[in-house]
Amino acid sequence: MSLLDVSNLTTAFATARGEIRAIEDVSFTLDEGEILGIVGESGSGKSVTALTIMGLLPQPPARVAAGSILFAGEDLTRFSDTRMQRIRGPGIAMVFQEPMTSLNPVFTIGEQVMETIRAHERLSQRALYARALEMLEKVGIPSAARRMGDYPHQLSGGQRQRVMLAIALACRPRLLIADEPTTALDVTIQAQILDLMMDLRDEFGMAIIIITHNMGVVAETADRVLVMYAGRIVEEAPVARLFDRPLHPYTRGLLACVPSLEQDQERLAAIRGTLPDPAHRPPGCRFSQRCQYAVSACSAALPPLEAFDPGHTAACIRVSEL
Amino acid sequence: MTPLVEAAGLVKHFDVQAGGLLKRRTLPLRAVDDVALRVLPGETLGLVGESGCGKSTLGRLLIRLIPATAGNIIFDGADITRLTAGELREKRRGMQIIFQDPYGALNPRMSVEDIIAEPLHIHGERGTRDTVAEMLSLVGLPARARERFPHEFSGGQRQRIGIARALVLHPKFVVCDEPVSALDVSVQAQIVNLLQDLQRELGLTYLFIAHDLGVVKHISNRVAVMYLGKIVEIADKHRLYANPLHPYTQALIAAVPAAHPAARSRGRRQRLAGDIPSALHPPTGCRFHTRCPHVMPVCREQEPAVTEPAPGHQVACHLAG
């Protein structure tokens, strides 16, 4: 049994312009200790997928319109708020892009790590302190004992993201969801944080979902990759396979439009047009209006996800011809 | 070749309030500290570095969007640090800037036509309607865009409006300050291609500021690397990426995520430890010595001089000297 089994998940938002489906028919599984990359641009639905799994979307306006989220065999979409609270922490934990807004500015970082542990485990003050200190040391906060008393504003962006990881991992979750964890960080700090996440996975054996728009971050970390576009999964593959033989024209475009450090290119291979407005998505394949291979049949119906090789699926009716 | 822009001894200090209520004092934040730089006509000079290194401040100094604390900047034959306001206005037609944030850089209450025509009005030109139409077509926007407002456009389209505004006065030199960083990846390439097309068509000279080393390598002829207010290395792009001499440049290139999972860097590339120090209290000697894997005693005491180990390749490091 997979640790996480998401099937046909659809999350809708009530808006002034009617109900908008932020994600539609999203299905994937994740095993213990596995790292799944979810790649997409703005409006692809990657963050909504994560927040739906975490049960962190305000309902209303959000609503799980269809599908299920089996975590360790139990359907999270049927859980009450209190049961979800018990899952968040020891079951599933999350780190966000902007560590400054995720930390409380008026509490010390030591207090914030201890608070998370206290919410789930009955420990003496001394044991709480020891566990919090241990976590801060594990994530590489220098002179952690002294930094326990620091406030978030006294730390750099990279150190704050380390503290967020310490909080997320304090209750030893089985699944960590990291939503653009290095996007706000400089490249030398990004490399440190990605290394750290891989080290922590090796040590604790938790599964990780890493959400990013950066193909390089996926190449560095993921075992398997989902590519999302305009609310739907368009391709799924083991990571090496995706980079070697991308099937969907959108995935190909994403890989091609990033300038390479190794080779010189006369001109970048741009994807024409812009991302569709969620309220006015094109009929049929949502990428069809930007796709250089589109034919009239592409706008007729949503292409289903089809398996082309074991573990490699794509939603494009022209894959076999391209 | 005579440079289009030449800066020497350029310094910019910002006064920052520091200390508590009782011990309040003013400290100079050395955003740009003794920088010398030449930009050649028709080239793209890339400027890279991490947040807080002073790259945006340097870009703004070079077109005198902000005044320098010390140093001179020769632009097109005149020292723009010494010009009167009237003389500067005339020179300013020749130097423009494209900003990072296409959402914040456009006035939401102005129509696209008014945004693009505003620089012309400031410079006392009339009959701007045709010029605006010409600019829209130049940056790949439909003519009907003129009556619309910034919020009706996507990020990439807004950046096109920002480019049209920057080019309407036919400048020679354009500072591009992270022009694609806020855009989605699939849209970034469109804007990079557009900037390159416009450069070719109009003979523009660019200072291209970015933190993405791949984009900078693609678009630049030469690349300068900044760290804590100093340029630590500058060279032809192929030379810089193939043979970086400064340990900071080496670390920056090593930190770029792999292009393929088979080339994963974890455990194989040396990582920089620690964070960028505060520009309020820059380290003594070489400013990179607190993070440098090759640090020597001399690095803590003495600031390294700029040397030129190969023609056009300059570096400020005791190891390279």
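The C-alpha centres of domain 1 and domain 2 of chain B lie 28 Å apart. This comes from a predicted model. Domain 1 of chain B covers residues 5-220, and domain 2 of chain B covers residues 249-321. The two domains touch. Domain 1 of chain B gives 11 residues to the contact, and domain 2 of chain B gives seven.

Which elements of domain 1 of chain B give two or more residues to the side that touches domain 2 of chain B? They are β1 (5-18), β2 (25-39) and α7 (213-219) of chain B. The largest share comes from β2(B), with four residues. Sort this side of domain 1 of chain B by class, and you find seven nonpolar, two polar and two charged residues.

Stay with β1(B) and β2(B), for they also belong to a sheet. Four strands of chain B form this open sheet, in the order β2-β1-β4-β5. The pairing is antiparallel. At the edges stand β2 and β5 (78-79) of chain B, and each of these pairs on one side only. The strands β1(B) and β2(B) run antiparallel and are joined by 12 bridges. To find your place in this pair, look for B:Lys12, which stands opposite B:Val32 in β2(B).

Strand β2 of chain B also holds B:Asp34. Look at its backbone. Phi of B:Asp34 is near 60°, which is positive although the residue is not glycine. Most residues other than glycine have a negative phi.

Now turn to two helices of chain B. Helix α3 of chain B spans residues 112-122, and helix α5 of chain B spans residues 155-167. Their axes come within 7 Å and cross at roughly 30°. Angles under 35 degrees count as roughly parallel. α3(B) and α5(B) are therefore roughly parallel to each other. Their crossing is right-handed.

Which residues make this contact? From α3(B) come B:Val112, B:Ile115, B:Ile116 and B:Pro119. From α5(B) come B:Ile161, B:Ala164 and B:Arg165. By class, the contact of α3(B) with α5(B) has six nonpolar residues, no polar ones and one charged.

Next, move to chain A and its sheet. Here four strands form an open sheet in the order β2-β1-β4-β5, with antiparallel pairing. The edge strands of chain A are β2 (18-30) and β5 (74-75), each of which pairs on one side only. Strand β1 of chain A takes in residues 4-15. Nine bridges join β1(A) to β2(A), and these two strands run antiparallel. A:Ala12 stands opposite A:Arg21 in β2(A).

A helix packs on this sheet of chain A. It is α1 (residues 46-54) of chain A, and it touches β1, β2 and β4 (62-71) of chain A. The direction of α1(A) makes about 75° with that of β2(A).

Follow the chain onward into the loop between α1 and β4 of chain A, where you find A:Pro60. A:Pro61 is in that loop too, between α1 and β4 of chain A. Two peptide bonds deserve a look here. The bond from A:Gln59 to A:Pro60 is cis, with omega near -10°. The bond that joins A:Pro60 and A:Pro61 is also cis, and its omega is about 10°. Most peptide bonds are trans.

How do the chains meet? Chain A puts 39 residues into the contact, and chain B puts in 36. On the side of chain A, five helices each supply at least two residues: α7 (157-169), α8 (187-204), α9 (215-221), α10 (239-244) and α11 (249-256). The largest share of that side of chain A, eight residues, comes from α8(A). By class, the side of chain A that touches chain B has 19 nonpolar, 14 polar and six charged residues.

Two of these helices, α7(A) and α8(A), also pack on each other. Their axes are 10 Å apart, at an angle of about 15°. That makes α7(A) roughly parallel to α8(A). The crossing of α7(A) and α8(A) is right-handed. On α7(A), the contact is made by A:Gly157, A:Gly158, A:Gln161, A:Leu165 and A:Leu169. On α8(A), A:Ile189, A:Gln192, A:Ile193, A:Leu196, A:Leu200 and A:Phe204 take part. The contact of α7(A) with α8(A) has seven nonpolar residues, four polar ones and no charged ones.

Note on methods: Residues are numbered from 1 along each chain as its sequence is written. Chains are lettered from A and ligands numbered from 1 in the order in which they are written. This is a predicted model: local features need pLDDT of at least 70, side-chain atom pairs count only at pLDDT 80 or more; totals for chains, interfaces and linings use all residues. Domain bounds come from an automatic or database domain assignment. Ala, Val, Leu, Ile, Met, Phe, Trp, Tyr, Cys and Pro count as nonpolar, Asp, Glu, Lys and Arg as charged, and the others, Gly among them, as polar. Axes are lines fitted to C-alpha atoms, for helices over the stretch in contact, and angles run from 0 to 180 degrees between N-to-C directions. Angles under 35 degrees count as roughly parallel, over 145 as roughly antiparallel, 65 to 115 as roughly perpendicular and the rest as oblique. A crossing is left-handed if the near helix is turned anticlockwise from the far one by less than a right angle, and right-handed if clockwise. Two strands pair if DSSP finds at least two bridges between them.
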